[in-house]
Every structure is written in structure tokens, then in C-alpha cells.
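This report covers selected features of the model shown below. Please keep the sequence and the coordinates at hand while reading.

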Amino acid sequence: MSDWPLWEVFVRAKRGLSHTHVGSLHAPDAALALHNARDLYTRRQEGVSIWVVPAAAITASSPQERDPLFEPAADKVYRHPTFYDVPEDVEYL
Amino acid sequence: MSPPCVPAVLALADDALIYAQRLGEWISRAPQIEEDMALANVGLDLLGRARSLYTWLGAVDGSGRSEDDFAYWRDEREFRHLWLVERPGGDFADEMVRLLLMASLDVERYAALASTASVAGIDELAGIAGKAVNESTYHRDHARLWVLRLGDGTEESRTRMNAALERVAPYVDELFTDSWADRAAVAAGIGVLPSSLRSSVLGYVGSVLAEATLDPLPEPAWHARGGREGLHSEVCGFMLAEMQHLARSHPGATW
Amino acid sequence: MYGNDYGPTDVAESAAQDRLPRRDEPLNAADQAALDGYFDELIDADQRIEPRDAMPEAYRQTLIRMIAQHAHSEIIGMQPEGNWITRAPSLRRKAILMAKVQDEAGHGLYLYSAAETLGVTREELLDRLHTGRQKYSSIFNYPTLTWADVGAIGWLVDGAAIMNQVPLCRCSYGPYARAMVRVCKEESFHQRQGFEILWTLARGTEAQVAMAQDAVNRWWWPSLMMFGPPDSGEKAATGHTAQSMAWGIKRFSNDDLRQKFVDMTVPQAERIGLTLPDPDLRWNEERGHYDFGAVDWDEFKRVLSGDGPCNAARIAHRVKAHEDGAWVREAAVAYARKAQAPAEVGAA
């Protein structure tokens, strides 16, 4: 029995936003994947731009390796704006 | 006074409605669930197009008929659609050949309708036609993608596609036959003669078939004709019976 | 749409039976990882489990079965309603119905995608549906005999489905929860269109009113059965609701959801002007809920086990579409391979 590969779909709903992952679908190739994505994910005008990516092409970080990859960021808390205590009346901060 | 283009536009509306009716039959029967969605999408576009055209017709032809009056309360001999669109769906190959032909025809004839109606100041009709061009461009592309894959896929799919071309070939000439309604519309400056679209539409279709490694459209052994005069094939009566039966069983009812 | 009426979902039994092959290599043994406690921490904190997280095998299998059966329900559900597309009595109704059934196909696709994140392919899941190893919501084993049935399905069956689906938006498994959010957004028009159909019929000709009442008479009890057999009180110990709730898969018991559905629907029926076929239906001031009559669980078991009016036809229809379409799917794969091959040769 033939199998159509899996594709992940990303849609940018509006200019100014970035593409977000909306789900996946099966298609034999990229052209049909785009057509299917349009029918499945933008029926209610939910998309300006659609990307389809073969699921097999996606490299994911492994949850088991999460500590080395992400922990260093956890103690660099000064990267987050809420770390700073600034007067409320300073504009544009 | 009813505009001279009305009968030609009625034929367009009937083509859209009857084709939408046939496409509706594919839902839950398509080769892949994604294709159930795609064919439903085409069907919805065509149904919406038919509704808009009937609504416009009822307003301008002096009858005041509603979209449902046109769809449910006319008899077989009053419908003006092509034989190709009333044909039962058959094989998926038959359907993709039909979609390629009809969408290619629609892109061109609705483009002509949009520009001529716009020039004549019939803005509502121009708007409907403009939307139709966009939709049919997408439908044509969808059909093309499939014809390529089925023609140049497996030996079996190529054989089935060539067989579908044999079955559909007899219906092609009618697409490009000028009816008196077409001539009346064009004489009044609206639309285009179907015969003038033959070489560009069949040229496009031919190039897709060639790219798909399929045989060219064969010479048919017989020719479908008469749809524009309300002379349909025998399937039409059965199809209309199914479509109209419930509405006709309850005259005057609201749904 | 979704019910809880698939039949026994024995957790241990399904773990043993559904040893489905995984698409990815496991990062380490699921049990070992579960011992790490990370899974339990996430569940306790009401956080989402995502596809590559370690999880107990039984959790994985339960979810695969649950999500797949939900997907199958959407796909099979296209048939009873799809029946009426070619016969809809107005163009507006035809368009709405086509859009609704198209949505159901879409919901099926979202759900198959969610199930696939757990290491199973759609091909395998469809095979289980076609061979009866996985079920679909038993409500779809009933026939749509009249146009009014389309309204009854929208109002009652979609209404019941929404009752099940809203809590699932907070299911512990991320992809399923997110699919449910999407589905719920789209589903709201489904119930409304069903209600509108019946509302219009109930205000129409004598024949239309009779048609509507007849449909409601046939769909009411099966809709109550959609929530699955009783599972609270003394029944709680014998079912698997407890484990599913502990895992954040199920948020409310079948009985709670069924009661909520009755409480919501009775006033709606009164507004429409149709009666519900239950002489024992009455408001209970003390409980603050509607009392309702006994569901015929024997009928439920009978239909679930295959002896319903449409079971055979639903599967036969589905299998035929799948088999008739095999040459199409194969052609598409062959074409894609041909398109890739020249590139590979060039790179060699």
C-alpha cells in the first residue's frame, strides 16, 4: 500500500506576523502539499502565506538533551525585560 | 426589458450548478481525504457562482425568480448546461479530465465576461465573473497537478487516463459550439463566442496532456450536442429528480 | 465530532494488542523515562505532554486509540450527512451542508495528524478502522432517513460532540488539545446550522413539523448514548475513567457530560417547539438538574457490536473509497519518485 509522506504546515495569517505551525498533512509532493494545505488550513481566510516542509527534513532538539541546550539560558535572567526595575513614567521603555 | 446576454448567462449558471451537483457526489468517495476537501472546495466555489448568477438573473430578467426558483422549479428542457457537466463522475481520471477542460474554459470565458461586463457598466456581473476567474485558475491548476501525476505516474494510471480521454472526447466539441444565446450576447457586447476559445483552451489542455505523457484528445466517434437548447442526455432527468424531489414535494415551504 | 461510545477501551488490553511500530527510535525506554518522573511532574502541574516527551506506554496507546477513533468518527460522520448534499432543498442549505461535511474531513485530518505524532501512520490507523479493530462513534450507525435528520444531527449530535470536545481542549497531550481548539472553533457553526434547520421546519408546513418531530424522536436517545456507558458512582471502579482522568486525558465523567447535555438541550427543544421522546424528563429542583429516563444500554451494546442499521454500509463505503483510490495514491507516489530521481543521479 502506497504511503504519502508527512508534511508540516506553517501559515502566516497576516502581514507583520511570522509563520506559525498549524499542523500537518499527507501529500505525495510539495505542489499537492501546498494545495492540500490551502484547503485544510485556510478555508476561513486564515492564511496569507503557506509553507510546507517535509516532516523528515525537520531536526528537533531532544527533550533528553534539554538540560545542556537550554539550561545556560536559565541563569542569564538579565535577558528578560521583567528583570529590571525601572520607573513607570519613563516613556518608550 | 431583459438584457440580451441573459440566456447566455443562464447557461453559465446552469453549467456551474450542475457541475457542483456532480462534484458533491465525490464527497466521502475521493481517493484520499485531502481530495474530499479539494473537490468540496471546487464544488462550493461553483455552487456559490451559480447562486450569484441566478440571483442576478432573477433581478434583471423581469421574472423576479429566486436562486431556488431557477434550481428547483425548472424542468429538464429548461436547463441549458453542457452534456459534459451532467455526466456522472465515474473514475477519478474522468473527473480530472473534466475539471481540466471545464476550468480551462471557465478561466477564459469568465475573463471575457468580466471585461465586457465591466465596460458595459454591469458591475455586479463583472464582479461575479472576476471572482470566477480567480477560482477557476486555482481549479485548473489543481486539475493540472493531477493530470500530470496520473498521466506520468504508473502504467495503470496512464492507461486509465487514456481511457478517460476516450470517454470524455465526445463531450468536448459542445464546449466550443456557439449557441444562438452566445451570438445574441456577443452582438450586445457581452461575453465571447465559445468557438473563439477553442484553440487556446484546447492548446492549453493539449500541452498538459503532452507533459503528462498522455495521448492527445482522441477524435470522438460521436458528439454530444443540444444542451444549450435544453436537449440533454438521459442522465439529466435522474439527476434533477434527485436534486429537486424534496423541494418539489413541499411546494411553498421554507427550508 | 466525538463521542465516548466506541466500546471497551481497556487500557491494559490496548497496550498489549496495539503494539504499533514506532516511526522514531525511542530515546530511551519509556518506562525508564517515566521513572525519571518528568511525565508525572508535567501531569501534576497540568502541563502539556508533547510528542517527543517520554511517556508511559499505556498512556501512548490509550491516546493513539482515542485520537484515532475520534478521527475515524469524523470521516465516517461524513456519510450520513453527505447523503443529503445532492438532495438539499435549497441552494443555501446545499452550500452549508457541503461546507459542514468538508469541515468534518478537515477535522479527521487534524486528528490523524495528532495521532501520528505518537508514532503511528495514518495508513495503519485506516487499516484498523477498515478491519474493525478500531471503532468510530456509534451514533453514525444510524441512518439519515429524512432532511430533518440533518438538522437533528447538527443540533443533537454536534451538540453532544461539543460537550465532549471542549474539555478535550485541555487534554494533557499537546497535539490533541491543539487540534481540539481548532475543531471547536469550527464546530460552533455546525450546531447552529442544525438548530436553524429544525427551527425553520418547526415553523413550517404540517408535513415539515411532523418531519422534524420524527427525526428528533429517532436521534434523541442515540445522542445520549454518545457519552458512553455510565461510569460514576459504583460504576467508576469497573471502568477506565479513573485512569484517564488521572492522566489528564478525560476531564469529566460520561454521566456528568450526559447530564450537562440534557440540561443544555431541554430548554432549546422547548424554544424550537419540539418534544423530546422521554416521558420521564422533568426538572428536579432539589438536584438543580433535569431527571431523565433510562437509556436502553442493550440497544447501545447491540449497535456497538455491529448489529446497527448502518454499520456494514458505513465501513463498506469507506473501504470502497479507499480501494477505488489506491491506483491514484500509487500514481502520485510514483510521479514524486520520478521527479526526485534525476536529482539523486546528478548528486552522485
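The sections below take up an interface, salt bridges, a helix and backbone angles in this predicted model.

## Interface of chains B and C

Chain B puts 47 residues in contact with 43 residues of chain C. About 4,000 Å² is buried between chain B and chain C, and carbon and sulfur atoms give 68% of this area.

Across this interface, 14 residue pairs are in polar contact, both partners being at pLDDT 80 or more. On the side of chain B that touches chain C, at least two residues come from each of α1, α2, α3 (67-72), α5 (92-119), α6 (123-151), α7 (155-168) and α11 of chain B. The most is given by α2(B), with 11 residues. Sorted by class, this side of chain B has 22 nonpolar, 11 polar and 14 charged residues. The interface of chain B and chain C also has 2 salt bridges. One of them joins the side chains of Asp152(B) and Lys338(C), at 2.8 Å from N to O.

## Salt bridges within the chains

Over all chains, the structure holds 38 salt bridges. In chain B, the side chains of Arg22(B) and Glu25(B) meet in one of these, with an N to O distance of 2.8 Å. Arg22(B) is buried, at 7% relative accessibility, whereas Glu25(B) is partly exposed, with a relative accessible area of 22%. Chain B also contains a network of salt bridges that links Asp15(B), Arg49(B), Asp106(B), Arg109(B), Lys131(B), Glu135(B) and Arg228(B).

In chain C, Arg251(C) and Asp46(C) form a salt bridge whose closest N and O atoms are 3.1 Å apart. This pair links distant parts of the chain, 205 residues apart: Arg251(C) is in the loop between α10 (241-246) and α11 (254-272) of chain C, and Asp46(C) is in the loop between α3 (38-44) and α4 (57-82) of chain C. Arg251(C) is partly exposed, with a relative accessible area of 25%, and Asp46(C) is partly exposed at 43% relative accessibility. Another salt bridge of chain C pairs Glu57(C) with Arg60(C), the closest N and O atoms being 3.7 Å apart. Both residues lie in helix α4 of chain C, 3 residues apart, or about one turn of the helix. An α-helix has 3.6 residues a turn, so residues three or four places apart point the same way. Glu57(C) is buried at 17% relative accessibility, and Arg60(C) is buried with a relative accessible area of 7%.

## Helix α9 of chain B

Helix α9 of chain B spans residues 180-187, and Ala181(B), Asp182(B) and Ala185(B) are buried in this helix. They are on the same side of α9(B) because they cover an arc of only 100 degrees around the axis. The buried residues of α9(B) pack against α1 (6-24) of chain B. Trp180(B) and Ala187(B), on the other side of α9(B), are exposed.

## Positive phi angles in chain B

Gly189(B), which follows α9(B), has a positive phi near 85 degrees. Ser28(B), a residue other than glycine, also has a positive phi, near 85 degrees. Ser28(B) lies in the loop between α1 and α2 (33-60) of chain B and is buried, with a relative accessible area of 11%.

Thr213(B) is a residue other than glycine with a positive phi, near 60 degrees. Its place is in the loop between α10 (198-211) and α11 (235-249) of chain B. Thr213(B) counts as partly exposed, at 36% relative accessibility.

How values were computed: Residues are numbered from 1 along each chain as its sequence is written. Chains are lettered from A and ligands numbered from 1 in the order in which they are written. This is a predicted model: local features need pLDDT of at least 70, side-chain atom pairs count only at pLDDT 80 or more; totals for chains, interfaces and linings use all residues. Side-chain values use heavy atoms; hydrogens and water are left out. Buried means under 20% relative accessible area, exposed over 50%, partly exposed in between (1.4 Å probe, protein chains only). Helices (H or I, at least four residues) and strands (E, at least two) are DSSP runs, numbered from the N terminus. The arc is that of the directions from the helix axis to the C-beta atoms. Contact means heavy atoms within 4.5 Å. Buried area is the accessible area (1.4 Å probe) that two parts lose on being put together, summed over both. A salt bridge is a side-chain nitrogen of Lys or Arg within 4 Å of a carboxyl oxygen of Asp or Glu. A polar contact is a pair of N or O atoms within 3.5 Å; within protein, one must be able to donate a hydrogen and the other to accept it, and residues adjacent in sequence count only if both atoms are side-chain atoms. Ala, Val, Leu, Ile, Met, Phe, Trp, Tyr, Cys and Pro count as nonpolar, Asp, Glu, Lys and Arg as charged, and the others, Gly among them, as polar.
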